Amino acid sequence: MNTTTDTSTGPAGSSQPDIQEATQAGGNSLTPDGQWAEELKELATRREQAAAMGGPESLAKLKSRGIMNARERLATLLDADTFRELGRITGKGKYDKEGYFQGLSPVNAIIGSGKIEGRKVVVSADDYTIRAGSSEATISDKWIYAERMALDLRLPMIRLVDTAGGSVKLLEQSGHSKIPGYPNWPVTQLLKTVPVVGVALGACAGLGAVKVLMSHFSVMVRDQSQVFAAGPPVVKQAYGIEIDKNALGGYKVHRRSALVHNEAESETDAFEQVRRFLSYLPRHSATYARRIRSGDPVDRADDWLKDAIPRDRRKVYDPRKILRSIFDEGSVFEIGRYQAGSCITALARLDGYPVGVLCSDPRVAGGAMTITSAWKMERHVKMCDTFGLPVINLVDQPGNATGPEAELQGTLLGAVRVLSTIEEVKVPWVSIVMRRAFGMAGGLHAPKYFPHLIHRFGWPSARWGSIPIEGGVAAAYRKEIAEAPDPVEARDELEAYYHRIASPFRTAERFMMLDIIDPRETRAVLCDWVEDAWEAMCAKAPKMSEAHPYDMPV
């Protein structure tokens, strides 16, 4: 509740703030004089009371918990002095019996535009100090306007979400119930057009959860934010379950659910992740992301890469170390690190060009495609395709996860969705098979149907086929192995024989693999490819490149 005192602008007089204090940051110095002095004084008062948010007591409570208020969050996220607020005096006014303004209780949604690294964005922030940021205790037209402006002006949309959702008490105030939904909210069209980011900064229930999830990138703060359909009181009423809000929808839950992409150690960390994420993307889907100057040589080759894959096929390795070696130094930004760990999804740069990255991790589920890793791969590929980022897939795929639990979860359906997704992409794609590409999931390492060009390379350590050699030998020679004097020796000899036949060099002999490369050549090969890939994309929309030269590669 706003605790500002009533300040009349009527004949009874009032104590008014200097209007200069209420002007936009970086704006002109204004004085309340001239023919419209009274109106300008009232404007200054309204702005001051709106800027006071929920009042000193509510703001102090947040500060005591070490949490930023909505305006501090905007100041931290955006470049200094770039926030231009819209709807600054939206709220509920109080008037005396003669119609003179007495005071303003501001709405709990703050919207406007600002800049991140010099690039314009639209922002919307929930003010928790007013009715706990309730999505129903607000004027929805205000935050929806921000979303529509982002769509209309083709600007990235950032939502700072901290809302308690709806409240049954509002029924009494309104005198009627509200049918759920916001018909003027262009949420699906927005996702097709501009980068959308959702930042969970508190308990995000109902609409708050939707705002976080309906995004290309979402991040939540550990032990501070939660995302759920409804909070603990509703869960207790519905199911009789006593549960803590973190146990219900905290970051540890969403590590498994994969609903929220990333987690942050603090609000500052969350905002830094937002800034970094947007640095790889264009302003909107009809133009191109920026290439930056890179001091990392394209022919850099780390010698240890030649032994990055262990000869012992039962041993694992660190794929993130390989990513750091291949892509521009310090450029790998991982999305969803703690979810569906058998598939790594990231953004990175090659010779300064932004790209989307997929990479297998054999340390989790053996690298197999699970239902959650399929979902993770699908949404990452869709985002890259929407915003014109070439895709690079580093492959070590043993196949779809198997067993009763995998079948019950519908893992094959997830793989089918991945197939449908990658066959519809329009961005250039290249795959590097590092170790394995087996079965249906192994075949999903790249688009493979016309008119796609199957551009793929293999390392000498790579093997592929309809089934892994070890499993295939065990199935096809079960009787022979069991009857052999030394079953282990017999099995090992058969596996060695079939591995010789399955040599990647034999596949390359038939031109079924474009080339087998030394792992140390990978960066140079990809840097050469990405330049051509980028030129091909730009050639498809030359008018757009002329319309937005500042977004084009340098």
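This section describes the fold content, nonpolar cores, aromatic contacts and selected residues of a predicted model.

The protein chain has an average pLDDT of 88, and 88% of its residues score at least 70. Confidence is below 50 over residues 1-27, a stretch for which the model has 60 contacts beyond near neighbours in sequence. A further stretch with pLDDT under 50 covers residues 543-554, with 22 contacts beyond four places in sequence. The protein chain contains 22 helices and 19 strands. Of its 554 residues, 51% count as buried. Among contacts between residues at least 6 apart in sequence, 75% join residues at least 24 apart.

The largest nonpolar core comprises 85 residues, and within this core Ile-158, Phe-277 and Phe-327 touch the most other members. Helix 21, spanning residues 522-539, gives the most to this core, with eight residues. A second, separate core holds twelve residues, among them Met-149, Leu-155, Met-157 and Leu-190. The contacts of Phe-327, leaving out residues up to four places away in sequence, include the nonpolar residues Val-332, Ala-348, Leu-350, Val-355, Val-357, Ile-392 and Leu-394. Phe-327 also touches Asp-296, Arg-300, Arg-349 and Arg-523.

Eight aromatic pairs were found in a search of the whole structure. In one of them, Phe-217 and Phe-277 are stacked, with 4.8 Å between centres and 20 degrees between the planes. This pair links distant parts of the chain, as Phe-217 is in strand 9 (residues 217-221) and Phe-277 is in helix 11 (residues 267-279), 60 residues apart. Both Phe-217 and Phe-277 are buried. Another pair, Tyr-497 with Tyr-498, is edge-to-face, at 5.1 Å centre to centre and 75 degrees between the planes. Tyr-497 has a relative accessible area of 41% and is therefore partly exposed. Tyr-498 is also partly exposed, at 28% relative accessibility. Phe-217 and Phe-277 belong to one aromatic cluster together with Tyr-280 and Phe-333.

Charged side chains also lie over aromatic rings. Lys-211 is placed over the face of Trp-143, 4.0 Å from the ring centre. Arg-255 is placed over the face of Tyr-338, with a distance of 4.0 Å from the ring centre.

Helix 11 also contains Ser-279. The side chain of Ser-279 reaches the backbone oxygen of Arg-276 at 2.5 Å. Apart from neighbours within four places in sequence, Ser-279 is in contact with Glu-117, Arg-119 and Arg-349. Of these, Glu-117 lies in the loop between strand 4 (109-116) and strand 5 (119-126). Glu-117 is partly exposed because its relative accessibility is 48%, below the 50% cut-off for exposed residues. The phi of Glu-117 is positive, at about 55 degrees, although the residue is not a glycine. Most residues other than glycine have a negative phi.

A positive phi is also found at Asp-351, at about 50 degrees, and this residue is likewise not a glycine. Asp-351 occupies the loop between strand 13 (343-350) and strand 14 (353-360). With a relative accessible area of 17%, Asp-351 counts as buried, because the cut-off is 20%.

Arg-290 is located in the loop between helix 11 and helix 12 (319-326). Its relative accessibility is 26%, so Arg-290 counts as partly exposed. The C-alpha atom of Arg-290 is 7.3 Å from that of Tyr-353, although the two residues are 63 places apart along the chain.

Ser-373 is part of helix 13, which covers residues 371-386. At 2% relative accessibility, Ser-373 is buried. A polar atom of the Ser-373 side chain lies 2.7 Å from the backbone nitrogen of Thr-370. Beyond residues up to four places away in sequence, Ser-373 touches Ala-340, Ser-342, Cys-343 and Ala-368.

Methods:
Residues numbered from 1 in each chain as written. Predicted model: local features only at pLDDT ≥ 70, side-chain atom pairs only at ≥ 80, totals over all residues. Heavy atoms only, no water. pLDDT = per-residue confidence, 0-100. Contact = heavy atoms within 4.5 Å. Helix = DSSP H or I, 4+ residues; strand = E, 2+ residues; numbered from the N terminus. Buried < 20%, exposed > 50% of the residue type's maximum accessible area, 1.4 Å probe, protein only. Polar contact = N/O pair within 3.5 Å; in protein donor to acceptor, adjacent residues only side chain to side chain. Core = buried A, V, L, I, M, F, W, Y, C linked by side-chain atoms within 4.5 Å. Phe/Tyr/Trp six-rings, centres within 6.5 Å; stacked < 30°, edge-to-face > 60°. Lys NZ or Arg CZ within 6 Å of the ring centre and 35° of its normal.
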